[in-house]
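Hi,

Here is the structure I said I would pass on to you.

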Amino acid sequence: MQDVLIIGGGPGGSALGSYLAKAGISNTIFESAIHPRAHVGESLVTSTTRIFQDIGFLDTMEREGFVRKYGASWHPIKRNAELTIEFAEFPQAGIEQDYTYHVDRARFDALMLKHASELGSKVYQGTEVNEVLFDGDRARGVRVTVAGQTLDVEARYVVDASGRRALLGRQLKLLEKDSQFDQFATHAWFEDVTRSATGRTHDIHIYFLPVERGWVWQIPITETITSVGVVVEKRDFLKQRGSDEIEAWFNEMVASTPDGAIAMQHARRVNEFKREGDYSYSMSRFTGPGYMMIGDAARFVDPIFSSGVSVATYSAKYAAEAIRRVLQGGADEREAFDHYETTLRAGCNIWYEFICLYYRLLPLFTLFIQNDDYRMQILRLLQGEVFDRGEVTVLDAMRKFINAVESNDEHLMRPYLGDVDLSVVDELRAPQRAR
């Protein structure tokens, strides 16, 4: 009997398999697709480099020549007003390089899964997990379909890393949709994008749109191919089914931001448009007897700050440590799993609060980047430093600024505030602040 069965071979599942294999804990990864397979989420944050170092994957990232990401740039709804940050401004402890990566997720995910296999994970691709099996309330294995055959596979622990499919959370009816965000993305790859008028061709570029919570991403995938996506609220999403209508709407959105229009004036689309939805949700719990959920299978927050792969891989790190403590250190399972959930939930809540305040401030967020008192704190968050932290003072400063603007009907900034309800954030953060 295997120690751990992992549902899903994305970055979270592969990182978990790698950590467990390195610790001598037997594990099997069931991946429904055959890699390489396309996936959204092509830009990483610098803290993910620690995970790559832990599992011995950083050399692969360097060897494969993924585009290096040195910073980020924001473009307000006026021409030539680009605002930038560089990761080198805030060196991270234990990380010697001042960049992270933009990745072709098909290639990146395939390499991570191969790495887990080379370390000792058993990997089965094209194997669909249909459900998690239970004895009472304790997970005991999974039911899988492979080559038209269905069979049951047992293990001591089951970890759901199935991404936004969220197989286990949906099976147990734990999924709670976010009341704040109901967003959609439409995206494709393009050639001949003018990446930057200021020479910052390897940044992720974010363009503000003149619609509530609307923005455009621009991510260099290779030296010639650029991923461009439009993110808007569902109410602003064009619901036509025809490709011509979608393309016209996409072009209209991009053209509504001056710098974005310049970037795309000569662009040629090289693949089909894709759509993504269900942008924010959480499971009411992340663990239970014999099971855990990691990454998007546990919690997904809006992708504005490229947090997805970071949350997936860090949750894998913490889940592996909890399992190791139980199997090899004799720790109490419930205590170890509760600690995992507390750590992951607290970090995700910091991401979530940061994102809510960002959308509430649009486009006033850039004022904090330009403020010497807060720039380093913003940069630390943008690099993914959200786990094992207490108070984040810049978030309190953002809240105070918003309150000051809201309390004055004549404030010049009043018309620029978004409509995010921050009371939801207060409810999430109350348990952590009470500790």
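This is a predicted model: local features need pLDDT of at least 70, side-chain atom pairs count only at pLDDT 80 or more; totals for chains, interfaces and linings use all residues.

About 110 Å³ is the volume of the largest cavity. If you want to find the largest cavity on your screen, look for its lining residues, including W74, F87, F305 and L382. Two strands, strand 4 (71–75) and strand 13 (204–208), each give at least two residues to that lining. What kinds of residues are they? The lining of the largest cavity has ten nonpolar residues, one polar and one charged. K69 and S306 are among the residues that line it, and so are I204 and I206.

Next, the largest pocket. It holds about 710 Å³ of space, and 41 residues line it. Which residues are the closest to its centre? Those are H39, V40, R105, R164 and D296. By class, the pocket lining splits into 18 nonpolar, 16 polar and seven charged residues. Helix 1 (11–22), strand 2 (27–31), strand 14 (215–220) and helix 8 (308–329) each supply at least two of the lining residues.

Two of those elements turn up again at the start of the chain. Strand 1, helix 1 and strand 2 form a β-α-β unit, and the unit is right-handed. Strand 1 covers residues 2–7, and six of its six residues are buried. Which way does strand 1 run relative to strand 2, parallel or antiparallel? The two are parallel, with four bridges between them, and I6 has I29 of strand 2 as its bridge partner. Strand 1 also pairs with strand 10 (residues 149–160), again in the parallel sense, over five bridges. There, I7 is partnered with D160. A general point to keep in mind while you look at strands: in a regular one, the side chains alternate between the two faces of the sheet.

There is also an open sheet of three strands, in the order 11-18-21, and its pairing is antiparallel. Strand 11 (175–177) and strand 21 (299–300) are the edge strands, as each pairs on one side only. Strand 18 (residues 281–283) is joined to strand 21 by two bridges, and Y281 stands opposite F300 of strand 21.

R375 sits in helix 11 (residues 375–382). Is R375 buried or exposed? Its relative accessible area is 18%, and buried means under 20%, so R375 counts as buried. The side chain of R375 makes a polar contact of 2.7 Å with the side chain of E89. The R375 side chain also reaches the backbone oxygen of T84, at 2.9 Å.

The other residue is A397, in helix 12 (residues 393–406). With a relative accessible area of 12%, again under the 20% cut-off, A397 is therefore buried as well. How far apart are the C-alpha atoms of A397 and A336? They are separated by 34 Å, and the two residues are 61 residues apart along the chain.

Terms used:
Residues are numbered from 1 along each chain as its sequence is written. Side-chain values use heavy atoms; hydrogens and water are left out. On a 1 Å grid over the protein atoms alone, a cavity is a set of points where a 1.4 Å probe fits but cannot get out, and a pocket is an open set with protein on both sides within 12 Å along at least five of seven lines; lining residues have an atom within 4 Å of a point. Grid points are joined across faces, edges and corners, and a volume is the space filled by probe spheres set on the points. Ala, Val, Leu, Ile, Met, Phe, Trp, Tyr, Cys and Pro count as nonpolar, Asp, Glu, Lys and Arg as charged, and the others, Gly among them, as polar. Two strands pair if DSSP finds at least two bridges between them. Buried means under 20% relative accessible area, exposed over 50%, partly exposed in between (1.4 Å probe, protein chains only). A crossover is right-handed if, with the strands pointing away from the viewer, the path from the first strand over the helix to the second runs clockwise. A polar contact is a pair of N or O atoms within 3.5 Å; within protein, one must be able to donate a hydrogen and the other to accept it, and residues adjacent in sequence count only if both atoms are side-chain atoms.
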